[in-house]
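Open your viewer and get ready to select residues by number. This tour goes stop by stop.

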Amino acid sequence: MLRTASPNSIFNIYKSFGGLLVQEHLKPIVLKQLPLLTRNFFTSNPRMDLMEFFDDKKNWGAIEVKSGRSWKKEELRLKSNSDLHKLWYVLLKEKNMLLTMEEEAKQQVKLFPSPERLDKVEDSMENLETVIRERNKAYHELETGETGERPGKVMENIFGLKYYYKMCEHALPKHMNRKWFEKYKFFKYDRDVEEFLVKYREKLYLNKRREERKKFYRVIALLNRFPNMDMAALKEQYPGVDIEKAKLSRKYRPHFGSQS
């Protein structure tokens, strides 16, 4: 009949022999510290704190901050995709900083210096996105024969106003998708809606007519004050105004010179 060794006997054997081997033959191993083969990579000036969301301290309290113009589409078309990708995040970082400074100025009840900087950044981001969309469209047309843009069509909402509806895929068929029917309600003939559209179009027409008359009288006022002004420049600034008709108006009375 076989006997099994108890845990205590095994421990005693290890203590008598294993400990002796460790003391005589086992020596401590010293590990040398290897140099770390790393390289720091930064795309902008690193600060590593919340000051990334604030402008440079030299611009704090300034009345005006000098800045350049926005990026044009012609310039962005010369950039590579990698450069456009980097430029997008530079503009996004600048936009976040300007929005933070604008909100801080509101809380401090102070004027935000040079608010046109935010418009320039947004204009640059819009132009950059347009260039990227042009490249994607050209690539998809070359590879697949389609634009690759999200399909859509002009629809009329529940009030009869037209808007561009962007199509998308859904997991459920159209006749089974209740959420889609609740969210998107298109135009159906209704007498009240027709009356609303008539008054709405009338309001748009009156606003347009009022704006045209305002520009017409503005041209007459300029002609009365500066009768010898450059007519080509005036026509370029107000292309929808008939200058000859403005000169025939009764309100056209130049301060000096004869009426022509």
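Start by selecting E129 and R133. Their side chains meet in a salt bridge, 3.5 Å from N to O. Keep in mind that this is a predicted model. Both residues sit in helix α4, four residues apart, which is about one turn of the helix. Side chains of opposite charge can pair when their charged atoms come close.

How exposed are the two partners? E129 has 41% relative accessibility, so E129 counts as partly exposed. R133, at 39%, is partly exposed as well.

E149 counts as partly exposed because its relative accessibility is 36%, between the limits of 20% and 50%. Now show E129, R133 and E149 together. Salt bridges with shared partners join them into one network.

Next, select E134 and R77. What joins them? A salt bridge does, with the closest N and O atoms 3.0 Å apart. This pair, too, links distant parts of the chain. E134 is in helix α4, and R77 is in the loop between α2 (73-76) and α3 (81-107), 57 residues apart. E134 has a relative accessible area of 34%, so E134 is partly exposed. R77 is partly exposed too, at 39% relative accessibility. The structure holds five salt bridges.

Turn to the surface. Select E64, E116, D119, E122, D123 and E126. Together they form a negative surface patch. Now pick out E126, which is found in helix α4 (residues 116-143). Is E126 buried or exposed? E126 has 52% relative accessibility, and exposed means over 50%, so E126 counts as exposed.

Finally, zoom out and colour by secondary structure. The protein chain has eight helices and two strands. Trace them from the N terminus: the order is α-α-α-α-β-β-α-α-α-α.

Switch to a surface view. The protein chain exposes about 23000 Å², and carbon and sulfur atoms supply 56% of that area. What share of the 260 residues is buried? Buried residues make up 18%.

One last look, at contacts. Take those between residues at least 6 apart in sequence: 53% of them join residues at least 24 apart.

Methods. Residues numbered from 1 in each chain as written. Predicted model: local features only at pLDDT ≥ 70, side-chain atom pairs only at ≥ 80, totals over all residues. Heavy atoms only, no water. Patch = residues over 30% accessible without salt bridge, like charges linked within 9 Å, V, L, I, M, F, W, Y side chains within 5 Å. Areas by Shrake-Rupley, 256 points an atom, 1.4 Å probe, with all protein chains shown as cover. Salt bridge = Lys/Arg side-chain N within 4 Å of Asp/Glu carboxyl O. Lys, Arg positive; Asp, Glu negative; His and termini not counted. Charge placed at Lys NZ, Arg CZ, Asp CG, Glu CD. Buried < 20%, exposed > 50% of the residue type's maximum accessible area, 1.4 Å probe, protein only. Contact = heavy atoms within 4.5 Å.
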